[in-house]
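Colleague: I have just opened this entry and would like to learn how to read it. Could you take me through a few of its features, giving the general idea before each case?

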Amino acid sequence: MIEVLYTGSIFCALITAYLLLSKKKALRSYSDILLALFLLFEVWNVIIYLAIYYGWIVNTPHLYKSAAPINYLLPPLTYLYVRAVLFNEKKISNKDIWHFIPFVFFFLNYIPFYILPVIEKSMIVQSVVKNYSKYYKYQVGIFPESVAYIFRILQAFIYLFFQWRLICQFKKDKINIEFEKQMKGVLKWLKILTWASTLFIIAFLLITVFTLFKNTIFSFRFMKLIPGFLGSISFLVISSYLLLNPTVLFGLPFIKYTGIELGLFINKKVKLPFIINDYSKEIEQLKKYFNEKHPFLIKGININDVAVGIGIPAKELSFIINQHFKQRFNEFVNQYRISYITNKINEGYLDHYTLKTLSSEAGFSSTNTFIAAFKKIELCSPSEYLIKNKS
């Protein structure tokens with residue numbers, strides 16, 4: 001059962017990471033990259049954990065401890081992700097580099113094992129597989145494993161504390177109902193992510209305790225299943241939630257931040273939020289651009305092209321189209337294309353040209369795409385529309 005949950009989690013995480021990283025550059029944000037890295041690193045951790053627990057690692061001993069340093073990347077990545085979403089951060093700052101020092105430290109710690117001959121690695125791995133408790137005791141790095149595990153637990157709880165603090169201190173006021181829905185959705189996702197991360201570290205703690213005290217009450221089979229279920233379910237929730245709720249990836253583009261001086265004698269700025277409640281100017285700007293410049297006639301036009309044309313960030317433009325027009329970008333563009341086509345038909349365009357020529361002129365790259373879009377908007381096929389138009 002646990003293996004099925006972990007397998008499902010890995011599958012969902014890989015799909016989510018692919019969707020995050022395969023976005024067009026204009027839509028792919030800094031927070032998307034952080035989340036994708038977190039999911040990919042977590043997938044690798046789970047794979048190595050299962051390989052060790054079930055003994056598969058004996059076939060690939062060089063992968064043993066490959067996930068150990070990565071563990072120290074997960075808490076910083078989730079914290080930086082939450083902060084990036086709440087503060088609309090665009091890139092990593094120089095001050096954030098220190099978050100990755102533990103990863104570098106423990107990577108260097110395990111170099112002695114990484115450079116061992118394969119035969120010696122195999123002997124160590126076989127010993128650990130026969131007695132899983134040795135995974136927490138067998139020293140293969142410069143420092144004892146106890147140092148690594150104590151530091152990992154402390155690091156995780158420290159980052160969780162500050163992560164919860166960010167979410168709890170986030171203020172929202174003076175916002176209309178439409179944007180409040182998006183804000184609540186994003187905050188709900190961040191809380192789910194943080195709760196799941198909390199459960200995951202608890203599961204890790206329980207696995208360690210149950211393994212070290214295997215000859216006590218913790219040796220019962222039921223007790224051994226608890227951490228596995230906690231870990232697999234929490235990872236499944238994280239990896240699948242965005243597939244079911246993709247709109248939370250828009251983030252909070254309507255919240256901007258401005259630097260305010262703390263005082264005359266304090267050379268420091270703080271970020272204070274202000275909320276954009278009214279997008280009517282941007283909406284009119286978008287409509288005017290489409291009505292006057294006809295960018296929809298360009299085949300393969302993307303949201304980045306439109307964003308550059310009207311001077312609005314692509315992710316914010318995507319949010320406006322989704323929230324105000326209740327459409328995706330392609331649906332929004334196709335609506336203008338179909339309107340252009342019906343107007344041309346009414347003007348007698350088809351007296352001299354074919355419908356295929358007209359659809360191509362309107363920006364459609366294929367006949368099938370044109371027909372599907374036409375049916376969705378006009379609720380009938382092009383041929384049915386022509387018959388109605390003649391009558």
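Predicted model: local features only at pLDDT ≥ 70, side-chain atom pairs only at ≥ 80, totals over all residues.

Colleague: How many helices and strands does the chain have?

Modeller: Helices (H or I, at least four residues) and strands (E, at least two) are DSSP runs, numbered from the N terminus. By that rule the chain has 16 helices and two strands.

Colleague: At what angle do the axes of α10 and α13 cross?

Modeller: Axes are lines fitted to C-alpha atoms, for helices over the stretch in contact, and angles run from 0 to 180 degrees between N-to-C directions. The axes of α10 (residues 280-293) and α13 come within 11 Å and cross at roughly 40°. This makes α10 oblique to α13, since angles under 35 degrees count as roughly parallel, over 145 as roughly antiparallel, 65 to 115 as roughly perpendicular and the rest as oblique.

Colleague: And how do α13 and α15 pack?

Modeller: Their axes are 10 Å apart, and α13 packs against α15 (residues 367-378) at an angle of about 85°, so α13 and α15 are roughly perpendicular to each other. Residues that meet there include Glu331, Asn334 and Ile338 in α13, with Phe370, Ala373, Lys376 and Ile377 among those in α15.

Colleague: Is Asn334 buried or exposed?

Modeller: Buried means under 20% relative accessible area, exposed over 50%, and partly exposed in between, with a 1.4 Å probe and protein chains only. Asn334, which is found in α13 (residues 329-346), has a relative accessible area of 15% and is therefore buried. Leaving out residues up to four places away in sequence, Asn334 touches Phe364, Ala373 and Ile377.

Colleague: What covers the buried residues of α13?

Modeller: The cover includes α10, α11 (303-310), α12 (314-324), α14 (355-361), α15 and α16 (382-390). Among the buried residues of α13 are Phe332, Val333, Tyr336, Arg337 and Ile345. Over the chain of 391 residues, buried residues make up 47%.

Colleague: Which residues have the most contacts inside the largest nonpolar core?

Modeller: A nonpolar core is a set of buried Ala, Val, Leu, Ile, Met, Phe, Trp, Tyr and Cys residues joined through side-chain atoms within 4.5 Å. The largest has 44 residues, and those with the most contacts inside it are Leu35, Phe38, Leu39, Tyr81, Val82, Trp189 and Leu190. At least two residues of this core come from each of α1 (2-21), α2, α3 (74-87), α7 (145-169), α8 (177-212) and α9 (221-244). A second, separate core of 35 residues includes Phe290, Phe319, Val333 and Ile345.

How values were computed:
Residues numbered from 1 in each chain as written. Heavy atoms only, no water. Contact = heavy atoms within 4.5 Å.
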